[in-house]
Amino acid sequence: MCGIVGYIGHEPAVSRLLGGLRELEYRGYDSAGIALLQADGLRCFKAVGKLSNLAAKLGDFESCGPVTAIGHTRWATHGKPTEANAHPHGLTHSQVVHNGIIENHVALRAALQTPFLSQTDSEVIVHLFERHLALRTGVEDPALAAFRATLDDLEGAYAILLISETEPGRIFFARKGSPLQLGFAEGGCHFASSDAPLVGLCTEALYLEDGQWGVANAEALILFDALGREVEPSSRLLPATSLAARKEGFRYFMEKEIYEQPRVLADILTGRLRNGAVVLDELGLQWLLPISSVTLCACGTSYHAALAGSYLLERLARVPARVEIASEFRYREPVLDPTGLFVVISQSGETADTLEAIKLAKTQGLATLALCNVDNSSIVREAARTLLLRAGIEKGVASTKAFSAQVLTLWLLALYWGQARGLLAGERHAIELAALNAVRDVMRVQRGTHERIQRLSKRYLHGHGFFFIGRDLFYPLALEGALKLKEISYLHAEGYPAGEMKHGPIALADAELFTIALMARSSLYEKVKSNVEELSAREATIIAISTEQFDLADDLIQIRPYAHPMLEFFEMLVVVQLLAMEIAVRLGNDVDMPRNLAKSVTVE
Ligand code: F6R
């Protein structure tokens, strides 16, 4: 997702900022920009697309002498990836870069009553700052006071750097919910939204805590907490290499992405729970309400999300939902409901089969919606509406955080639709919203659970196959658990509805058949239990994932108790992701780049 860099000093700033932004490229972006303040004034350069476009625009321009500079790579959330929407955003004498989402930007824009140049939520920050500064005459350090007042106006998540012609040699900074760090070196002060741009420039970094803000010059900073009390900065050593920095201390990108899921889920919810209801501004009720049915279509992991989504849409919104594998759908001359909605789900937005499926649905006149992680991708361009997944770039070929983002977004869609149809009120609605609010904590990896999975994994490196079994929502999760395992461990694994085992696969049961039983307390527990008992009676080795002790389990991975099935779903998801990863690690496989697989499947 978006990246931030900043620099105050005497060294050439353009090459520093571009170098820093290149270190953040792996996060994904669709436009970039920098702003520099020198003796001859403030200049801003922006370009859509790759950093090379920005570099071309800059030509051989470089700073000379003292400079204060900020830079940004933007991954569009509010407004298309255009030059106007790219950061930095400026007004008369200031420029700002921002990561995160300003939830109350609509209200702030209305209150400011001034023309805006972009569609972004971020632009309000620079307007607010200049407005506050104009009002603060006669106070000590008016710019610092204006910056503080600006932060007080903002709701949501942010990492912010702001520079102003009135304040040469100073960068105002703030962090709430989005990471930001800074380090001092001989050449001056450097900022970045993750370690990688700082590696090689500084040896230590100050990692801002949530709520911290302040101002820095080339040699020092003043730091405050959320309550405005000055705090003592303390630094930590930076990683030694930028690759290590990009993995942020994790062994693999996949591991980092599993651990990142709470933040992704929080980003997805930002701005979408308002006045006790789910709000999806991208859709609008007028568009959604006339729709009579929904077809969800996708491939691989995204198909598993679609399947989970179909359970949620029927249950919460009472909309008939069917699910299609895109590669099958294309050629089977499907008959579609012309008043229905066709939803495609894709991390990359470039999967050939999914792209053709949406084109086919359009020829039959259906309304279309894409759930996609990449703005401006081919699938997003085809779809009438889009819900961006906000997962940030996914580096691991085996999808993890994109899947949880897809499922959460589908859950939001089901709730929004159910609300609109008047089906979710009172206690039921309150239970759903409370569960949504809890989901971030549920996905936080428990150290003890990870250690247990690491230990257990050594027992499951052989055998003639794995069956992941579950019922209801836990059936798509079983499919996803099996896919994760086979993709990176190269062991045979299948996901199966637990109740179906006796109709055939139980013939395989023996001690070398490893059954991963998703035994959710909140959903058909007794039924799954008897399905597992049937397997155990035939000597299958049982690994239960459950809140409950289960005597017949050879191994139990215990999760925390929840009343809501979606919370059990998300905690079990972390378990199956980690289990696949730890088995693959023990087998010595390349976890991030498994054999034969590509991240984006642009061929049939
Ligand atoms: C599995 C995985 C694949 C993708 C599938 C669809 O970990 O990543 O199964 O889910 O190739 O890709 P997208 O979602 O990009 O359309």
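Arg318 lies in the loop between α10 (300–317) and β18 (321–325), where helices (H or I, at least four residues) and strands (E, at least two) are DSSP runs numbered from the N terminus. Arg318 is not a glycine, yet its phi is positive, about 55°. This is a predicted model, in which local features need pLDDT of at least 70 and side-chain atom pairs count only at pLDDT 80 or more, while totals for chains, interfaces and linings use all residues. Residues are numbered from 1 along each chain as its sequence is written, and side-chain values use heavy atoms, with hydrogens and water left out.

**Backbone geometry**

- Most residues other than glycine have a negative phi, and most peptide bonds are trans.
- The peptide bond from His87 to Pro88 is cis, with omega near 0°.
- Pro88 is placed in the loop between β4 (67–74) and β5 (89–90).

**Overall architecture**

- The protein chain contains 19 helices and 26 strands.
- An automatic or database domain assignment divides the protein chain into domain 1 (2–237), domain 2 (248–443) and domain 3 (445–604).
- The radius of gyration of the protein chain is 25 Å, which agrees with the value near 25 Å for a compact globule of 604 residues; the radius is taken over C-alpha atoms, and the globule rule is 2.2 Å times the number of residues to the power 0.38.
- Along the principal axes, the C-alpha atoms of the protein chain fill a box of roughly 80 × 50 × 45 Å.

**Interface of domain 2 and domain 3**

- The centres of domain 2 and domain 3, taken over C-alpha atoms, are separated by 24 Å.
- In domain 2, 45 residues are in contact with 40 residues of domain 3, contact meaning heavy atoms within 4.5 Å.
- The two domains bury about 3600 Å² between them, 66% of it on carbon and sulfur atoms; buried area is the accessible area (1.4 Å probe) that two parts lose on being put together, summed over both.
- The interface of domain 2 and domain 3 holds 2 salt bridges, a salt bridge being a side-chain nitrogen of Lys or Arg within 4 Å of a carboxyl oxygen of Asp or Glu.
- A salt bridge joins the side chains of Arg251 and Glu582 (2.8 Å, N to O).
- On the side of domain 2 that touches domain 3, the elements giving two or more residues include α7 (253–259), α8 (261–269) and α10 (300–317).
- Helix α10 gives the most to that side, with 8 residues.

- Side chains of opposite charge can pair when their charged atoms come close.
- The count of salt bridges comes to 29.
- Arg175 forms a salt bridge with Asp210, with 3.0 Å between the closest N and O atoms.
- This pair links distant parts of the chain, 35 residues apart: Arg175 is in strand β8 (residues 171–176), and Asp210 is in the loop between β11 (204–207) and β12 (213–216).
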